[in-house]
Amino acid sequence: MRLRFAWQPVLALALLILASFFPSMTMGALDAEANPTATVQVPFDGTSTLISLLLAAGAILSLVRLPKTAEALILLVASFGAAWMLVSGISGAEGSALAPFFLKLAASWFLAWRAASVLSNLSPISASARTLLRLLVPALFGAWVLILWEAIVRGAGVPFILLPPPSAIGLRLVSSVPTLWADVNQTIFKSVIAGYVAGCGLGFGAAVLADRYGFLRRGLLPIGNMVSALPIIGVAPILVNLLGFDWQSKAAVVIVMTFFPMLVNTIAGLSASGHMERDLMRTYASNYWQTLLKLRLPAAMPFIFNALKINSTLALIGAIVAEFFGTPVVGMGFRISTEVGRMNIDMVWAEIAVAALVGSLFYGGLALAERAVTFWHPSVRGG
Amino acid sequence: MDRSLKLLSFSAAMNVIASPLKPADVVPRPSGASVVEARGLGLTFKTNDGPVQALTDVNLSIGKGEFVSFIGPSGCGKTTFLRVIADLERPTAGTIHVNGMTPEQAREARAYGYVFQAAALYPWRTIEHNVALPLEIMGIGKAEREERIKRTLALVNLSGFEKKFPWQLSGGMQQRASIARALAFDADLLLMDEPFGALDEIVRDHLNEQLLQLWARTNKTICFVTHSIPEAVYLSTRIVVMSPRPGRVTDVIESTLPHERPLDIRETPEFLAIAHRVREGLRAGHSYD
């Protein structure tokens with residue numbers, strides 16, 4: 001039988017052999033062995049061997065020359081099956097895991113790693129399969145971050161205050177949807193959107209004006225530079241005092257943060273068109289607006305989208321931080337600062353998860369729009 | 001030939017230039033007012049290393065329907081002269097008229113089409129929309145735009161590539177599209193600045209042939225900058241030889257080749273004689289310092 005060696009399954013097998021030298025996976029099982037008459041629920045009673053067998057079978061089968069997709073499927077079943085049994089088995093015995101628990105966890109992680117590397121080396125012909133793969137590999141990565149987090153936190157019994165397991169965060173997220181929705185509505189749909197649109201719009205308008213009138217460029221750029229260097233932590237309380245507790249003050253902070261990146265990028269973008277292209281417009285006796293609309297703005301689009309993407313993350317940070325300095329009793333920043341004080345760390349994590357989700361969606365939407373608008377740019381069309 | 005023989009006007013040229021190559025009646029010359037008329041033209045660039053004389057005392061008259069090539073080593077001012085005609089540079093001495101107007105007025109009147117060294121097509125526009133660009137700027141209606149795009153793309157043999165983006169075409173096709181763009185608004189004067197300089201020789205031969213056909217069909221006046229002697233001789237009715245430091249005209253050669261020019265005309269003794277004279281002119285004007 002011909003083999004195909006990869007280091008991950010080999011290492012997983014080594015870890016399993018190492019784990020077999022230890023008598024028990026948890027302290028509870030040790031107690032039960034020491035006192036066989038007591039009727040205690042023993043963690044991993046029966047599943048311990050099953051986990052080892054599943055992982056060993058997956059690792060060995062993956063070394064055989066199988067079709068790539070079959071190998072990936074076997075590895076996924078073995079690693080996720082083992083992980084599921086490890087995580088569910090530790091319930092009720094949190095903090096009592098011993099070395100074999102972590103060794104088996106590591107073994108299943110290595111098998112999943114191998115699966116991801118097999119999958120990312122596949123080059124399927126059909127476009128839909130390629131799309132599926134492009135989503136599957138990062139999903140696998142994300143899933144394993146959560147699995148390792150869950151298993152380590154619960155196995156080692158990390159205090160809830162320090163780091164809650166993702167399952168608890170998920171439960172908290174699901175059970176407080178109305179609160180989270182109200183916070184998103186306040187922070188994203190009021191502060192961030194208003195501030196982002198106004199900040200980017202003003203930055204863009206100022207850039208066009210500064211490009212047209214030299215004195216503005218010379219006057220505005222250094223001041224804009226200075227404003228962007230102001231620490232947000234210092235600006236936010238001043239603006240909150242000035243404009244009140246509601247979303248307007250947060251939008252103002254977002255404007256301050258997003259204005260300058262848009263200004264600088266747009267000014268750079270407006271001078272991105274080549275000499276020849278501009279001479280061409282001159283030979284057509286094209287006026288200022290025609291040259292702006294037909295040449296300089298399209299050529300500036302890659303720069304403008306850069307600014308839009310940078311600003312999408314800045315806007316979220318700005319609005320959340322500004323809410324630390326005063327807000328009506330709603331908003332993501334308000335919730336984070338108060339729930340930290342009340343030791344509800346899972347709620348803080350839930351807010352973080354929501355912010356990450358919203359930020360990713362926002363950024364992803366922008367990236368899609370960028371592809372549609374700057375399809376012609378070498379960085380998008382590839383060469 | 002020395003500088004005193006520079007042409008003062010088109011009709012004078014017919015008489016002044018008396019060379020063994022030149023039976024005056026071989027090339028049928030169109031009549032009419034000159035399209036470009038330069039007198040004592042000079043242009044000095046101010047640079048950090050002191051003034052650079054890009055052009056000195058250029059006297060030249062280009063008649064309607066001529067195909068004039070400008071040839072010379074780099075720095076001889078051939079491109080600068082073309083840019084002065086196009087009002088992309090302002091002369092610092094002398095006068096120049098284009099269609100009887102100043103270059104600025106001529107540019108405002110969209111008197112010429114300019115083809116650059118590179119195609120300079122806008123990558124976000126398809127080929128047809130690139131050709132439409134000058135038409136949009138000049139405010140030409142949609143129906144007529146479409147008709148002209150169709151016609152000019154056919155003229156440069158690019159029919160069927162309307163919906164392609166420039167980066168999907170070869171360099172030669174891109175340059176043909178840029179010629180179509182310059183032709184689209186029907187200016188009588190075509191200024192071409194080494195348009196085929198970046199292309200390989202096979203493509204270049206092909207485009208030269210097509211350019212001559214196009215010139216014959218459209219009866220435009222063409223000013224063509226090149227640094228290739230065969231290209232200049234093959235294309236032109238007149239060859240202006242220039243030399244650098246300071247940029248000046250050293251010779252003006254009338255071509256005796258017939259209007260109808262297949263590519264193998266380049267092996268005829270007549271062709272080689274003209275090419276020899278161009279080479280001599282370039283050598284004489286070039287100071288090897």
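Mentor: Start with A:Gln8. Setting aside neighbours within four places in sequence, A:Gln8 is in contact (heavy atoms within 4.5 Å) with A:Phe110, A:Trp113, A:Arg114 and A:Ser117. This is a predicted model, where local features need pLDDT of at least 70, side-chain atom pairs count only at pLDDT 80 or more, and totals for chains, interfaces and linings use all residues. Residues are numbered from 1 along each chain as its sequence is written, chains are lettered from A and ligands numbered from 1 in the order in which they are written, and side-chain values use heavy atoms, with hydrogens and water left out.

A:Gln8 sits in helix H1 of chain A, residues 7-20. Helices (H or I, at least four residues) and strands (E, at least two) are DSSP runs, numbered from the N terminus. A:Gln8 has a relative accessible area of 4%, so it is buried. Buried means under 20% relative accessible area, exposed over 50%, and partly exposed in between, with a 1.4 Å probe and protein chains only.

Next, helix H7 of chain A, residues 166-175. A:Pro166, A:Ala168 and A:Ile169 are buried there. Looking down the axis of H7(A), the buried residues fall within an arc of 160 degrees (taken from the directions from the helix axis to the C-beta atoms), so they line one face of the helix. The face turned away from that buried side carries exposed A:Leu171, A:Val174 and A:Ser175. What covers the buried residues of H7(A)? The cover includes helix H6 (127-156) and helix H15 (345-373) of chain A.

A:Arg172 pairs with A:Asp346, with the closest N and O atoms 3.4 Å apart. A:Arg172 lies in H7 and A:Asp346 in H15, so the pair ties together parts that are 174 residues apart in sequence. A:Arg172 is partly exposed, at 26% relative accessibility. A:Asp346 is buried, at 9%.

A second pair in chain A is A:Asp183 with A:Arg335, 2.7 Å from N to O. Over all chains, the search finds 31 salt bridges.

Now chain B. It has nine helices and nine strands. Of its 289 residues, 56% are buried. Among its contacts with a separation of 6 or more, 71% join residues 24 or more positions apart. One salt bridge here is B:Arg277 with B:Asp251, at 3.6 Å between the closest N and O atoms. It links distant parts: B:Arg277 is in helix H9 (residues 269-285) and B:Asp251 in strand E9 (residues 248-254), 26 residues apart. B:Arg277 is buried at 15% relative accessibility, and B:Asp251 is buried at 4%.

How do the two chains meet? 26 residues of chain B are in contact with 18 residues of chain A. The area buried between them is about 2200 Å², with carbon and sulfur atoms giving 67%. Buried area is the accessible area (1.4 Å probe) that two parts lose on being put together, summed over both. On the chain B side, B:Tyr122, B:Trp124 and B:Ile137 lose the most area to chain A, together 32% of what that side buries.

There are three salt bridges between chain B and chain A. One pairs A:Asp279 with B:Arg83, at 2.9 Å from N to O. Helix H3 (103-108), strand E5 (112-115) and helix H4 (127-137) of chain B each supply at least two residues of the side that touches chain A. The largest share, four residues, comes from H4(B).

B:Ile137 is in that helix H4. It is buried, with a relative accessible area of 4%. Leaving out residues up to four places away in sequence, B:Ile137 touches A:Met281, A:Tyr284, A:Ser286, A:Gln290, A:Lys294 and B:Arg110. A salt-bridge network also links A:Arg282, B:Asp87, B:Arg90, B:Glu104, B:Arg107 and B:Glu108.

Technical notes. Salt bridge = Lys/Arg side-chain N within 4 Å of Asp/Glu carboxyl O.
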